[in-house]
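Here is a short report on a protein model. Keep the structure in view as you read, and find each part as it is named.

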Amino acid sequence: MRSRIREFDSSTLNESVQNTIMRDLKAVGKKFMHVLYPRKSNTLLRDWDLWGPLILCVTLALMLQRGSVDSEKDGGPQFAEVFVIVWFGAVTITLNSKLLGGNISFFQSLCVLGYCILPLTVAMLVCRLVLLAEPGPINFMVRLFVVIVMFAWSIIASTAFLADSQPPNRKALAVYPVFLFYFVISWMILTFTP
Amino acid sequence: MAAVDDLRFEEFGDAAASLAANSDTTTISIEDPGDTPKHQPGPPGGSGREEDDELLGNDDSDKTELLAGQKKSSPFWTFEYYQTFFDVDTYQVFDRIKGSLLPVPGKNFVRLYVRSNPDLYGPFWICATLVFAIAISGNLSNFLIHLGEKTYHYVPEFRKVSIAATVVYAYAWLVPLALWGFLMWRNSKVMNIVSYSFLEIVCVYGYSLFIYIPTAILWIIPQKAVRWILVMIALGVSGSVLAMTFWPAVREDNRRIALATIVTIVLLHMLLSVGCLAYFFDAPEMDHLPTPTAAPNQTVAAAKLS
């Protein structure tokens with residue numbers, strides 16, 4: 001019995017690297033699916049991980065960089081600024097919801113907030129593709145529409161996961177900072193000009 | 001019978017045994033406060049006598065007062081200490097915001113809304129919203145003002161977010177600190193009836209900044225007159241909230257010092273709003289004067305006419 005347990009414990013150490021990576025990638029992918037089709041479920045909360053948020057944040061920050069060489073005229077967000085806004089924003093919102101009396105753990109909340117950036121990352125991709133076309137008001141309207149839809153999707157997804165953990169008379173107080181957070185990220189995406 | 005055993009404080013074991021043995025004994029648990037008014041043993045789990053006393057409204061009323069006073073005395077390195085500053089419900093936050101928007105003469109914001117329970121939620125998130133409102137509106141208004149010019153390349157200017165954040169948070173926290181220190185100093189000299197704690201002052205300042213959020217959004221309109229009217233309205237509303245809040249704290253004092261304090265408060269408030277307007281929002285002179293880069297505009301105008 002004991003040797004069997006020891007076998008089980010060391011099994012993840014002895015497996016090949018490909019197995020480890022594929023298992024983590026599958027977990028991340030499963031959570032992406034849960035964000036894209038948000039239903040009330042505990043998957044994001046139960047096995048939280050921060051790989052997904054890291055991948056999304058780095059992707060978003062890289063896509064918000066422009067290729068221009070003259071960095072003086074470049075007023076856009078630097079990589080570090082996007083990173084700081086996303087992570088410190090998520091930490092602040094988590095602290096806020098815990099201080100208001102929510103019963104969600106610190107990393108679970110970070111996980112949910114990070115994963116719900118996925119729709120906005122998709123919006124960033126779409127905006128970059130749209131910007132390859134002719135600039136003009138139609139271009140802008142298309143981008144505006146896409147960003148608004150993805151912003152709404154992010155809010156709905158994160159509220160579906162987070163709202164239940166708050167006491168009922170403080171739900172609005174806990175949800176408003178999430179709204180502000182995704183609004184700022186949407187603004188950064190919308191005002192991106194290459 | 002089990003009732004006799006129940007009256008003995010130490011013997012929790014007996015109560016548990018009697019409960020196990022006889023399911024319809026009247027062992028008192030917390031869910032049934034009406035059963036016996038006198039001293040109760042704790043529930044079989046033994047969760048502490050103080051809880052029972054407080055819940056059952058025991059005749060040790062001073063004990064309950066001690067417990068109510070103990071609400072705020074967790075040591076400052078625990079999380080619970082900071083949770084007491086966020087002990088507000090949604091409707092309370094809305095009420096406080098409404099109170100800051102509609103100053104009623106004679107009604108003191110602190111006494112009416114905050115006295116029981118100063119919170120840090122409002123000040124923190126109102127300042128955060130204000131920072132982003134100023135930065136985003138400044139950006140939008142500059143974009144709209146320079147819309148037709150060929151030489152203007154739009155940049156989102158995220159530097160301004162950090163500057164706005166520094167300014168707003170410094171104002172919302174350092175000015176209350178200075179004011180609190182000043183009031184404490186005057187309190188030691190002159191006996192004032194009304195004295196505010198530091199958190200209450202932070203609360204008033206935070207909520208009084210709320211009016212600047214719609215003001216900042218409306219500053220996108222590129223008309224100088226409109227902007228200055230907005231400044232006056234916002235200053236009037238929030239300045240009067242601040243003045244009416246702090247007047248009772250200084251009116252016992254020397255007349256000149258009291259007036260100087262109120263004037264300084266309002267002046268700093270005005271400095272904040274005018275400074276933000278001047279720094280983040282470009283002046284809309286282009287609407288009235290012929291632009292120096294006249295050639296592209298003339299060609300655009302000529303193209304429109306033809």
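## A covered helix in chain B

In α10(B), the buried residues are Glu200(B), Ile201(B), Val202(B), Cys203(B), Val204(B), Tyr205(B), Gly206(B), Tyr207(B) and Ser208(B). The model is predicted. Helix α10 of chain B runs over residues 198-208. It is mostly covered, with 9 of its 11 residues buried.

What does α10(B) pack against? One partner is helix α9 of chain B, residues 159-189. The two axes come within 9 Å and cross at roughly 135°. Angles over 145 degrees would count as roughly antiparallel. α9(B) and α10(B) are therefore oblique to each other. Their crossing is right-handed.

Now look at the residues that touch. From α10(B) come Phe198(B), Ile201(B), Val202(B) and Tyr205(B). From α9(B) come Tyr171(B), Ala172(B), Trp173(B), Val175(B), Pro176(B), Leu177(B), Leu179(B), Trp180(B) and Leu183(B). By class, this contact between α9(B) and α10(B) has 13 nonpolar residues, no polar ones and no charged ones. Two of the contact residues in α10(B), Ile201(B) and Val202(B), are also among the buried ones.

## Chain B as a whole

How many helices and strands does chain B have? It has 14 helices and 0 strands. Read along the sequence, the pattern is α-α-α-α-α-α-α-α-α-α-α-α-α-α.

Chain B has 306 residues, and 40% of them count as buried. Take its contacts between residues at least 6 apart in sequence. Of these, 71% join residues at least 24 apart.

## One serine in chain B

Ser273(B) is found in helix α13 of chain B, which covers residues 255-280. Is Ser273(B) buried or exposed? The cut-off for buried is under 20% relative accessible area. Ser273(B) has 2% relative accessibility, so it counts as buried.

Which residues does Ser273(B) touch, not counting those up to four places away in sequence? They are Tyr212(B), Trp219(B) and Val231(B).

## Two helix pairs in chain A

Move to chain A. Helix α6 (residues 79-99) of chain A packs with helix α10 (residues 171-190) of chain A at an angle of about 170°. Their axes are 9 Å apart. α6(A) and α10(A) are therefore roughly antiparallel to each other. On the α6(A) side, the contact uses Val82(A), Ile85(A), Val86(A), Gly89(A), Ala90(A), Ile93(A) and Asn96(A). On the α10(A) side, it uses Leu173(A), Ala174(A), Pro177(A), Val178(A), Phe181(A), Val184(A), Ile185(A) and Met188(A). The residues of this contact between α6(A) and α10(A) divide into 13 nonpolar, 2 polar and no charged.

The second pair is helix α7 (residues 106-115) of chain A and helix α9 (residues 137-162) of chain A. They pack at an angle of about 160°, with axes 9 Å apart. That makes α7(A) roughly antiparallel to α9(A). α7(A) passes α9(A) in a right-handed crossing. Ser109(A), Val112(A) and Leu113(A) in α7(A) meet Ser158(A), Phe161(A) and Leu162(A) in α9(A). The residues of this contact between α7(A) and α9(A) divide into 4 nonpolar, 2 polar and no charged.

## A buried arginine

Arg143(A) sits in helix α9 of chain A. Its relative accessible area is 8%, so Arg143(A) is buried. Leave aside its neighbours within four places in sequence. Arg143(A) is then in contact with Cys127(A), Val130(A), Leu131(A), Leu190(A) and Phe192(A).

How far is Arg143(A) from Ser109(A)? They are 34 residues apart in sequence and 29 Å apart in space, C-alpha to C-alpha.

Cys111(A) is buried, with a relative accessible area of 0%.

Cys127(A) is one of the contacts of Arg143(A). The closest cysteine sulfur to that of Cys127(A) is in Cys57(A), 18 Å away, which is too far for a bond. Cys127(A) counts as buried too, at 1% relative accessibility.

Terms used
Residues numbered from 1 in each chain as written. Chains lettered and ligands numbered in written order. Predicted model: local features only at pLDDT ≥ 70, side-chain atom pairs only at ≥ 80, totals over all residues. Heavy atoms only, no water. Axes fitted to C-alpha atoms, helices over the stretch in contact; angles between N-to-C directions. Helix = DSSP H or I, 4+ residues; strand = E, 2+ residues; numbered from the N terminus. Parallel < 35°, antiparallel > 145°, perpendicular 65-115°, else oblique. Left-handed = near helix turned anticlockwise from the far one by under 90°. Contact = heavy atoms within 4.5 Å. Nonpolar A, V, L, I, M, F, W, Y, C, P; charged D, E, K, R; others polar. Buried < 20%, exposed > 50% of the residue type's maximum accessible area, 1.4 Å probe, protein only. Disulfide = S-S within 2.5 Å.
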